[in-house]
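Subject: Structure handover

Dear colleague,

I am passing on the structure we spoke about, and below it you will find a short account of what turned up when I went through it. Please keep the structure open while you read, so that you can look up each part as it is named.

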Amino acid sequence: MRKMKARTKWIVPFLALLLILAGCQTVGGFDVNKALLGDLDVKSSESSTTLTLSAVPAVGIRAEDQEIVDLINSISLTLGSVKLQDNGNVSASGIVGYKQLKIPFSFYVDQANIVFTAEGAKQPFYFPIQGYEDTLGIEGLDQTKTLELSKLISQFVVKNLPNPGAITVASVSESVYGQQTSLTKLHTEITGEELPVLLKSFLRSISKDTEGFTALISGLYDYLYPLLEASGEDLNSLGFGEIPLDDKEGVVTVAHDAAKLAVDALLLVYDKQLESLYESTPELKTVLGKDTKLTVDLFVDSGFHVRKQNIDLNVALPASEDLPLQSINVKLVSETWNVNGPVTADPISTTGGIDFSSAQLTPGETLRSFEQGSAVYNLLKDDMGITSKSLMIAPDDDYYYPIVDNGTTYVPLRYIAEDLDATVEWDAANRAINVTDDVYGDLLVFKIGSAQAQIAGTTVKLPQPVFVDEYGDAYVPLRVLAQGLHATVEVDEDGYIWIDRP
C-alpha cells in the first residue's frame, strides 16, 4: 500500500513549488511555508482540474501556421472527478478537448496496475506496476524512504525560496465544490524579469543554510546507499577519495562541502554568465521579460490545505519564422474537497484488457481496439495518421534487393509486407504465402510457382510465377503486393521507388 502513497503524495507539493516560486517568509501573519507543504499530510481527497492552452499568433502569420495556432487553442483537459483513496489508489474521469472533438476518458491506479479507457474503446488498456522495481532491475529501493526524501526536498526548497515582489494575503469566502468555505487567499505575481533575481537569491540562501543542506544530503545518502550497495558496484571507486562509502558522516561532509563550493562558485560568476547568456541568446530577453508573467491564487483552509488554485502563466515568445507566435498562455483551475475524508476510488477492471507492457500493437490492431467512427478512432486514423507508412527502395538497395525483369520490379514478399505491418504466414499444404493486411484485413495469397495471385478475393495475373531466390526469399511483383496492401508506388527520376500507405 505504501507504494501508491509514495507515487501520488509527492506530486502536489512539487507542482506548487515549480508553479509559484514563493518562499517561507511570513506574509501578513500567514505562514507561506505551511501553505506550500500542508498537502504533504493529505491521505485522501477529491478534486477537479481544468487545463487550457491559448496561443497568440504573430502579426502576418501564414494560413498554414494559423492552423497550428487554432489546433493549440482547441486543446483542453478537464478532470471532473479525481479521487485519492487513503490506501493510495487513485481514479479520475474527464474530457480531452481537441479540435472539435470532446473525448471522455477514465483511469485508475492501484498497487497492481495503471488502467485507462476512453469512449469508444472496446476494452481497457493497462500497464502492470506491481513489482516494477524487479522488472527494472532496481534492488534496495525503499518506498518509505522515497516518500521521506520527497518531503525533505520539498521542505529544503520551500525554506530557501525567496518571496516574489508581488505577494498578498487576504481572508475570503470561496465556493469549493458548491459549498461556501472560509479560506485564506495567497496571491502572487512573478514576471520573467524577476526569475533570474529570484534564482540568485535562492542560491544565496541554500549556500548559507548549512543545516538544511546537510540534512538534504544526508537524506539522499540514506536513499541512494542501499541502491548502490545492491547494485554490486565497487563503492570505493565513486570519487570520495580515502573516505569509504559506508562512512555516512564522512561522505555527507565531503558531499556538502563540494556542493556548497559549486553553489558559491556559481554565485561568483552568476551575473557575468547571465549577461553572456543574454548576449549569445538575445531571444531569451523576450522570454525573461516583463510580458512573461505568472499569476497564482491559492486558497488555503485552516489546516493549511490548498482547496482551490487559479494559475495563469503567460510566456512571451521572440519573433521567429519557425515559431510564429507572440505568446502562449496556460491556465489551470482546480478545487479540492473531502480532504482526509472517506474516499473510495472508482476501479476499472482489467478483464479482457490490453497489457501495454507486453502488447506490441500494430496500427491496425490499435484502430480495431476502438469502435469505428468513434472520436478516438477518427483522431488516430485521420488526425494522427497512425496507419501512414512510407518505404523507400534505392536502385542498388542492399536490404530489399529488388530485381527488375522486363520492366517489372520484384521484391522479397516478407520484407515489404512486414514493413507495411502485414501478417505473413506460410501455407505448407498449398505451398502458398498468405498475407493479411494490417489495416483493412484483406487477404493476399501468393502461391510458389504460380503466375496468379488472390488479392482480396480477386484473381490477379502476374507477369511471371512467384519464384524463390537462392536465399529462400519468395519474390513477387512490387506493385501488385503494395497496392494489395493499400499503398501507392512511385518511381522518381533517379530510380528511387517510393511506397506510401495513407
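For what follows, two residues are in contact, or touch, when heavy atoms of one lie within 4.5 Å of heavy atoms of the other. Please also bear in mind that this is a predicted model.

Turning to the strands, you will find an open sheet of 12 strands with mixed pairing, in the order E7-E8-E9-E10-E11-E1-E2-E3-E4-E5-E6-E12. Its edge strands are E7 (166-176) and E12 (354-355), each of which pairs on one side only. Within the sheet, strand E2 (residues 76-84) and strand E3 (residues 90-98) run antiparallel and are joined by eight bridges, and Leu84 has Val90 in E3 as its bridge partner.

Helix H4 (residues 63-74) packs on this sheet, where it touches E1 (45-57), E2, E3 and E11 (325-337), and its direction makes about 165 degrees with that of E1. The helix has 12 residues and reaches 17 Å from its first C-alpha to its last, which is close to the 16 Å expected at 1.5 Å a residue. Asp65, Val69, Ile72 and Ser74 are buried in H4, and the buried residues of this helix pack against E1, E2, E3 and E11.

One more residue of the sheet deserves a look, namely Asn113, which lies in strand E5 (residues 113-118). Is Asn113 buried or exposed? Asn113 counts as buried because its relative accessibility is 14%, and buried means under 20%. Not counting residues up to four places away in sequence, Asn113 touches Tyr108, Tyr126, Phe127, Pro128, Ile129 and Thr350.

Methods: Residues are numbered from 1 along each chain as its sequence is written. This is a predicted model: local features need pLDDT of at least 70, side-chain atom pairs count only at pLDDT 80 or more; totals for chains, interfaces and linings use all residues. Side-chain values use heavy atoms; hydrogens and water are left out. Helices (H or I, at least four residues) and strands (E, at least two) are DSSP runs, numbered from the N terminus. Buried means under 20% relative accessible area, exposed over 50%, partly exposed in between (1.4 Å probe, protein chains only). Two strands pair if DSSP finds at least two bridges between them. Axes are lines fitted to C-alpha atoms, for helices over the stretch in contact, and angles run from 0 to 180 degrees between N-to-C directions. The expected span of a helix is 1.5 Å times one less than its number of residues.
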